[in-house]
Amino acid sequence: MIVREDERLDFSKVPESRGIPPFLYRVVAVGILVIFAIGASVVLMSGYGHHWPSETTLRIPLENH
């Protein structure tokens with residue numbers, strides 16, 4: 001089979017990667033900050049609406065609530 005020169009595939013060179021795009025570092029950094037912000041909000045809000053110690057929770061009337 002005869003193949004024209006412009007149609008022949010050249011596998012003698014390995015393409016070089018340009019590396020990780022710079023904006024991807026920013027996206028990862030923002031993502032990590034968001035994860036820690038959500039974790040901090042969960043920890044800080046975990047006590048909201050809870051009555052502790054149990055001595056005070058036993059005194060809350062459950063009717064009419």
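These legends walk through a few views of a predicted model.

Local features need pLDDT of at least 70 and side-chain atom pairs pLDDT 80 or more, while totals for chains, interfaces and linings use all residues. Residues are numbered from 1 along each chain as its sequence is written, and side-chain values use heavy atoms, with hydrogens and water left out.

**View 1. The whole protein.** You'll find two helices and zero strands here (DSSP runs, H or I of at least four residues for helices, E of at least two for strands, numbered from the N terminus). Of the 65 residues, 0% count as buried (under 20% relative accessible area, 1.4 Å probe, protein chains only; exposed is over 50%, partly exposed in between).

**View 2. Helix H1.** H1 has 24 residues and reaches 35 Å from first C-alpha to last, close to the 34 Å expected (1.5 Å times one less than its number of residues).

**View 3. Tyr 25.** Tyr 25 sits in H1, which runs over residues 22-45. Tyr 25 counts as exposed because its relative accessibility is 54%.
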